[in-house]
Number of protein chains: 2
Amino acid sequence: MGLEERRRREKENRRAAILRAARKLFFEKGFKPVTVESIAQKAELSKGSIYLYFNSKEEIYTQILLSDIEKFHKGIADLFRTGETASDLLVELAKIYINFFLGDKELFRILMTFMLHTEHMNLPEELNRHVVKTTNKTISVIEKIFQYGVDRGEFPPTMNLRLNRDVIWGLLNGIISLHLFTGFEARREERIRATVEEGIREVIRGLIAPEAGAEGPMKAAAGGRTDR
Amino acid sequence: MGLEERRRREKENRRAAILRAARKLFFEKGFKPVTVESIAQKAELSKGSIYLYFNSKEEIYTQILLSDIEKFHKGIADLFRTGETASDLLVELAKIYINFFLGDKELFRILMTFMLHTEHMNLPEELNRHVVKTTNKTISVIEKIFQYGVDRGEFPPTMNLRLNRDVIWGLLNGIISLHLFTGFEARREERIRATVEEGIREVIRGLIAPEAGAEGPMKAAAGGRTDR
DNA sequence: TCACCAACTGACCATCGGTCAGTTAATGAC
DNA sequence: GTCATTAACTGACCGATGGTCAGTTGGTGA
């Protein structure tokens with residue numbers, strides 16, 4: 001009864017074909033200008049068939065993001081093998097990230113758009129959770145590097161891992177967003193890389209450097225003490 | 001002869017009324033779910049009339065952003081009067097920014113959406129330029145603060161103003177984006193504020209700290225202390 | 001040869017952004 | 001008071017598009 005099996009495989013292939021077609025189109029034109037009809041044509045199916053595989057245009061968009069994030073995650077699997085310092089690992093990660101999400105520049109847009117509009121996208125709850133989980137897994141790599149840095153005595157053991165993870169991630173994605181907006185096409189990636197690298201190195205130096213004087217987080221932290 | 005004048009004023013009022021109505025609706029539901037018809041109803045006009053004042057739904061959306069950015073800009077006009085350190089000014093600016101753009105949390109979304117999708121929005125070229133210019137004006141406030149810090153000897157005169165401006169802006173907006181995505185509603189703003197403040201202080205410390213050798217033993221102090 | 005059924009189709013529907021020919025009403029000339 | 005002018009406004013209409021579903025197709029096994 002290899003029939004069932006073959007059917008399953010063929011169905012999976014169709015699905016992949018749709019995603020491939022959609023990917024090409026979305027990366028070419030963005031979200032709105034791509035019609036479901038055009039995706040269907042490119043995948044050599046009818047519009048109706050698309051909806052046998054996906055529930056909405058938004059879901060296709062999200063699935064593309066999902067599989068790309070997973071690809072990225074695989075790509076950084078061997079990051080720790082190199083035996084570099086944690087600082088260099090952070091910069092290295094950032095560079096890979098920039099290459100990956102800006103290689104197809106629309107991909108970064110998809111990522112941010114999703115992050116900003118998750119709620120309005122009304123996707124099936126499960127898919128939503130899946131993307132959030134996958135994204136978090138990626139973000140947590142930053143935290144792992146910090147932990148690694150603490151372990152090898154590079155960073156102070158008292159550092160706040162979560163907070164610094166958020167700072168690095170924010171810095172990285174914020175700088176990319178800014179440059180997509182203002183930067184001219186030419187040499188954009190180069191500038192992003194330089195800015196991100198220097199930003200990360202500054203944060204790290206600041207993390208290591210002694211806190212100057214009485215000012216600083218102390219003042220604010222005093223009021224914001226909020227143990228759960 | 002006050003006729004011409006009165007007409008002009010009334011027209012301006014209508015325009016404002018449309019923007020007010022649209023603002024309420026967009027902030028309530030996001031972009032797509034708001035129909036032009038519903039804006040018209042709320043503004044007590046017909047759909048057709050809306051298009052006497054604006055060229056597209058996107059343009060309305062953008063105008064809201066524009067007028068809000070300008071409001072923000074006025075709000076920080078007196079930032080320099082306080083005589084604080086440049087570091088504190090940066091943190092202060094960030095806090096005002098967070099309050100402002102998260103007070104109506106949709107506003108931040110509008111800002112980022114615009115930055116990410118400027119090109120696909122096909123607005124009149126002039127409006128586009130206007131928003132870019134206004135946004136840049138806001139971003140450049142960060143640079144001014146850095147300059148102020150250099151002038152008063154707080155930061156090294158060799159520092160790269162533009163780069164650090166981009167780092168701070170990126171950090172600020174990236175952290176906000178991240179928290180809108182993952183953070184639970186409760187205590188979100190508080191967390192954002194804490195993370196941003198510490199991030200900024202780290203960058204500043206890193207900016208001041210000697211670049212020193214590859215890795216420096218630390219342990220002396222803890223940036224981003226764990227307050228959980 | 002036929003019954004079954006998963007996969008597929010495309011006509012159809014509802015919604016919505018945007019248009020435009022026609023209406024309304026304020027004004028000012030006579 | 002009457003009428004011509006015209007800016008402001010209206011809403012029926014159009015085209016595009018996301019999504020649906022009743023019906024068709026073709027491979028399979030009896």
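**Domain, helix and chain contacts**

Two salt bridges are counted between domain 1 and domain 2 of chain A, a salt bridge being a side-chain nitrogen of Lys or Arg within 4 Å of a carboxyl oxygen of Asp or Glu. The structure is a predicted model, in which local features need pLDDT of at least 70 and side-chain atom pairs count only at pLDDT 80 or more, while totals for chains, interfaces and linings use all residues. Residues are numbered from 1 along each chain as its sequence is written, chains are lettered from A and ligands numbered from 1 in the order in which they are written, and side-chain values use heavy atoms, with hydrogens and water left out.

Domain 1 of chain A covers residues 1-54 and domain 2 covers residues 56-211; these bounds come from an automatic or database domain assignment. The C-alpha centres of the two domains of chain A lie 29 Å apart. Contact (heavy atoms within 4.5 Å) involves 15 residues of domain 1 and 14 residues of domain 2 of chain A. About 1,400 Å² is buried between these domains, with 71% of this area given by carbon and sulfur atoms; buried area is the accessible area (1.4 Å probe) that two parts lose on being put together, summed over both. Of the area that domain 1 of chain A buries against domain 2 of chain A, 44% is supplied by Phe27(A), Phe31(A) and Phe54(A), more than by any other three residues.

Chain A has ten helices and zero strands. Helices (H or I, at least four residues) and strands (E, at least two) are DSSP runs, numbered from the N terminus. The C-alpha atoms of chain A fill a box of roughly 70 × 45 × 40 Å along the principal axes.

Within chain A, helix 5 (residues 86-103) packs against helix 6 (residues 105-117) at an angle of about 100°, and their axes are 4 Å apart. Helix 5 of chain A is therefore roughly perpendicular to helix 6 of chain A. Axes are lines fitted to C-alpha atoms, for helices over the stretch in contact, and angles run from 0 to 180 degrees between N-to-C directions. Angles under 35 degrees count as roughly parallel, over 145 as roughly antiparallel, 65 to 115 as roughly perpendicular and the rest as oblique. In this contact, helix 5 of chain A contributes Tyr97(A), Phe100(A), Phe101(A), Leu102(A) and Gly103(A), and helix 6 of chain A contributes Lys105(A), Leu107(A), Phe108(A) and Leu111(A).

Helix 6 of chain A also holds both Glu106(A) and Arg109(A), three residues apart, about one turn of the helix. Glu106(A) and Arg109(A) form a salt bridge with closest N and O atoms 3.0 Å apart.

In the chain pair, 67 residues of chain B are in contact with 70 residues of chain A. The area buried between chain B and chain A is about 5,700 Å², with 59% from carbon and sulfur atoms. Helix 6 of chain A meets helix 8 (residues 161-182) of chain B, the axes coming within 7 Å and crossing at roughly 55°. These two helices are therefore oblique to each other. Met112(A), Phe114(A), Met115(A) and Leu116(A) of helix 6 of chain A make the contact with Ser177(B), Leu178(B) and Phe181(B) of helix 8 of chain B.
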